[in-house]
Structures are given as structure tokens and as C-alpha cells.
Amino acid sequence: MYNDKIINFKQLQYLAGPQEPRPRRFYILPKIHKDPLAWTIPHRMPQGRPIVSDVESESYRISAYVESFLTPLFCRHHSYIKNSYNFIDKIKDLNISGSTYLATGDITSLYTNMKHDITIDSIKKILNKYPEPNRPDNYILKILELILKNNDFEFNNEVFLQTCGCPMGKIIGPAAANIYLIDFDEAAINGFRIKPEIFFRFLDDVFLFWNGTLQELKEYENFLNSLIPGIKITLEAHVTSTNFLDITIYKKYLDNNNIKIATKIYVKPTDTQNLLHTSSFHPPHTTKGILKSQLIRYKRISSSYEDYLQSARTLFNNLKDRGYTFTQMWKQFKYVWYDYIDNTTNNNKTNIFPIIINYDSVGRVLGKTYGIS
């Protein structure tokens with residue numbers, strides 16, 4: 001790439017990686033958020049999420065280089081959702097019939113079932129679909145093949161080579177997984193005899209409106225499971241409400257017999273909401289900011305004041321033993337609901353110039369003097 005003047009000498013030095021690259025290591029994150037009855041050993045050993053740490057390996061930096069080209073591409077498909085707030089913007093206030101099912105789907109072990117050749121082909125396809133004259137497509141594909149097919153890692157004093165899948169821990173993972181499933185999304189939206197009213201996907205989580213029967217939904221599930229080898233999805237359907245990401249989506253019945261979609265916060269049963277204790281050795285504004293940020297998130301997700309209030313009460317009950325006073329919490333509660341202006345949704349955005357100061361005696365004086373928060 002340097003010889004062909006694709007990159008300069010400074011980029012060459014950086015992308016070549018460290019002089020002594022760090023070996024990749026395999027480890028497992030326990031899925032403690034799952035139902036303890038469904039654990040590998042119920043109530044004793046949860047399932048594990050396999051991770052291969054790739055930081056500062058010989059291919060870590062070129063993985064980031066490839067990822068910088070892929071990220072702007074995978075979000076162009078209309079099933080894409082960026083986060084919870086983007087999802088809510090797409091579905092809020094939609095009218096829906098009483099018989100429509102709120103369906104969710106979970107793709108089993110997506111990363112570990114991504115075939116290398118299909119991954120490369122799907123990325124080649126999207127590069128061709130959205131051409132750019134200055135993008136080094138041939139080199140991107142060569143690097144991609146290199147980092148996918150040479151993913152060796154250490155575990156228990158032995159060295160292994162991953163022959164299938166994109167490891168969780170590889171920086172290109174989310175972008176590659178999203179691109180891998182674009183054809184899946186297209187077939188899910190238009191390929192079955194019954195088309196879902198809406199269809200959105202966040203990595204391996206799917207949400208859709210289903211107007212067919214439960215038996216037809218099962219047939220739809222079988223259809224989806226036949227699209228890409230190794231990709232299996234399990235669908236669940238509910239009539240009145242369901243949970244997706246950190247949101248509870250439910251049908252709200254209006255006075256004129258219309259039904260619209262509403263949302264509120266979903267807290268997993270294993271989430272104890274043990275946020276930072278106020279006695280922790282952090283600047284005083286840290287815990288205040290944590291409380292405020294949680295309430296802002298609750299406001300953004302809640303369709304009504306009642307939903308916001310219910311979620312806040314649950315949070316406050318969990319925080320009362322962590323040094324947060326009810327006076328402090330309710331003051332923030334009222335400020336966020338009545339006075340806080342959300343710049344992410346406010347059309348009259350103001351430009352903010354960030355000034356980062358050290359938390360020391362000088363920094364505190366500067367902050368108080370010039371109103372820096």
C-alpha cells in the first residue's frame with residue numbers, strides 16, 4: 001500500500017503494528033444476566049460469551065483501518081438501527097391493530113457462525129454497491145482475508161486457530177456482522193409470502209410487527225433459518241407488549257379506539273442498578289452526573305410521565321442504600337422532566353466548545369470562575 005502511495009510513511013509505521021505484538025488470548029465472559037435456571041449448571045455456572053482479545057496484536061491496527069471504511073456502509077440499509085433512541089424515533093406513535101403481534105428475534109451465536117468466505121463476499125458486494133474512487137477496495141479485501149483467516153489465539157498454554165467465525169473482540173466484528181446480515185434482512189422483509197409490517201435489527205436482535213398467525217410466524221422463522229448456513233434465529237411474539245434492547249414496547253389504547261405504540265424502560269431481572277456509591281473517591285459532580293444521565297435516558301425512552309415516574313421510583317429505591325438522598329433524586333427528577341433541554345432532539349442546537357480541565361486545585365478554581373461544568 002505504501003509503494004502504491006495508498007498510505008504515507010507515517011501511516012505505514014503505525015499500521016505495521018508494535019515491534020513486539022501482543023498475542024491474542026481467549027477468555028469467557030459469564031452471561032449472568034440470563035435466567036439462572038437456564039445456566040449450564042442451574043444457579044451455579046452461567047453460559048459463557050467467548051472473547052478473543054485482539055488489542056495490540058499484529059493485526060489490531062489494520063483491523064481498525066478496515067473498520068473505518070466498513071462502518072459508514074452497514075448503516076445504509078433500512079433495517080438498521082443505531083441505538084435505543086434511534087429505534088424509538090422509528091416506531092413511536094405508530095398506529096397498530098389489536099391483532100398485530102409484537103415479535104422479537106435473537107440470532108444464535110452470530111459472530112462464531114460467520115463463514116469467512118461469506119463474510120468476505122458480503123463485504124465485497126457492499127463495496128461494489130457504494131463505490132468510492134479513493135477507497136482502496138482491493139487492499140481492504142486482502143487485509144480482511146488476512147485478519148479473518150489468521151486469527152490464532154492462546155488458551156491454557158496452547159495455540160489455536162479459529163477456522164470459522166469473526167471473534168468477539170476483533171474491532172471489525174460489529175461492522176462485519178451487520179454487513180453479513182444485509183441480504184438476510186432483505187429476504188426477511190420481502191422474501192416471504194407474508195411481509196412484516198416493520199422490520200428492524202440491532203446486530204443479532206430483531207424486532208418486527210407480524211400480522212399473520214403464530215403458525216405462519218413459525219413458518220417465517222423456518223424460512224429465515226434457511227437463508228444463510230449457520231445463521232439461526234428464534235422468534236417470540238406477544239400481543240400486548242414485549243421487551244427489546246432496554247425498552248418495553250407496548251400497545252397504548254386511546255379513547256377513540258385507536259392503538260398506538262408506546263415505550264418505557266425495561267430493566268432486566270438481574271440488573272440491581274448498583275451505580276457508583278456516593279462515598280466513592282470521585283469528584284462530587286460524578287455521582288450527580290450519573291443520576292442525571294440515568295433520568296435523561298428514562299425520559300427519552302418513556303412515552304409518558306407515568307412511565308417516567310414508574311421507572312424513576314424503581315431506580316430511587318435501588319439507590320437509597322448507595323448514599324443518594326431522596327431530596328437529591330427527586331430534585332433531579334423534576335429538573336430533567338420539566339427544565340432539561342435535550343440537544344439530541346432540539347432543533348435549535350447550540351455549538352459547544354469543549355474545554356477539558358484537570359480535577360485539581362487549579363482546575364476547580366477555573367471551573368468555578370468561568371462556569372465550566
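In which helix is the place of T119? In this predicted model, T119 belongs to helix 4, which spans residues 116-129.

- T119 has a relative accessible area of 2%, and because buried means under 20%, T119 counts as buried.
- When neighbours within four places in sequence are left aside, the contacts of T119 are M114, L148, A176 and Y180.

**Helix 3: buried side and ends**

- Helix 3 runs over residues 84-91, and its residues S84, F87, I88 and I91 are buried.
- These residues lie on the same side of helix 3, because the arc they cover around the axis is only 100 degrees.
- An α-helix has 3.6 residues a turn, so residues three or four places apart point the same way.
- The cover over the buried residues of helix 3 includes several strands, among them strand 6 (199-202), strand 7 (205-210) and strand 9 (241-244).
- Strand 10 (247-253), strand 11 (259-265) and helix 9 (284-301) are also included in that cover.
- At the start of helix 3, the backbone nitrogen of Y85 has a side-chain oxygen of N83 within 3.2 Å.
- D93 follows helix 3 and has a positive phi, near 65 degrees.

**Helix 2 against helix 5**

- Helix 2 (residues 60-74) and helix 5 (residues 137-149) have axes that come within 10 Å and cross at roughly 130 degrees.
- The two helices, helix 2 and helix 5, are therefore oblique to each other.
- The crossing in which helix 2 passes helix 5 is left-handed.
- On the helix 2 side, the residues that meet helix 5 are I62, S63, Y65, V66 and F69.
- On the helix 5 side, their counterparts are I140, I143, L146 and I147.

**Helix 9 against helix 10**

- Helix 9, which also takes part in covering the buried residues of helix 3, packs with helix 10 (residues 305-319) at an angle of about 155 degrees, with the axes 9 Å apart.
- That angle makes helix 9 roughly antiparallel to helix 10, since angles over 145 degrees count as such.
- Helix 9 and helix 10 form a right-handed crossing.
- Helix 9 contributes L291, Q294, L295, Y298 and K299 to the meeting of the two helices.
- Helix 10 contributes Y308, S311, A312, L315, F316 and L319.

Note on methods
Residues are numbered from 1 along each chain as its sequence is written. This is a predicted model: local features need pLDDT of at least 70, side-chain atom pairs count only at pLDDT 80 or more; totals for chains, interfaces and linings use all residues. Side-chain values use heavy atoms; hydrogens and water are left out. Buried means under 20% relative accessible area, exposed over 50%, partly exposed in between (1.4 Å probe, protein chains only). Helices (H or I, at least four residues) and strands (E, at least two) are DSSP runs, numbered from the N terminus. The arc is that of the directions from the helix axis to the C-beta atoms. Contact means heavy atoms within 4.5 Å. A polar contact is a pair of N or O atoms within 3.5 Å; within protein, one must be able to donate a hydrogen and the other to accept it, and residues adjacent in sequence count only if both atoms are side-chain atoms. Axes are lines fitted to C-alpha atoms, for helices over the stretch in contact, and angles run from 0 to 180 degrees between N-to-C directions. Angles under 35 degrees count as roughly parallel, over 145 as roughly antiparallel, 65 to 115 as roughly perpendicular and the rest as oblique. A crossing is left-handed if the near helix is turned anticlockwise from the far one by less than a right angle, and right-handed if clockwise.
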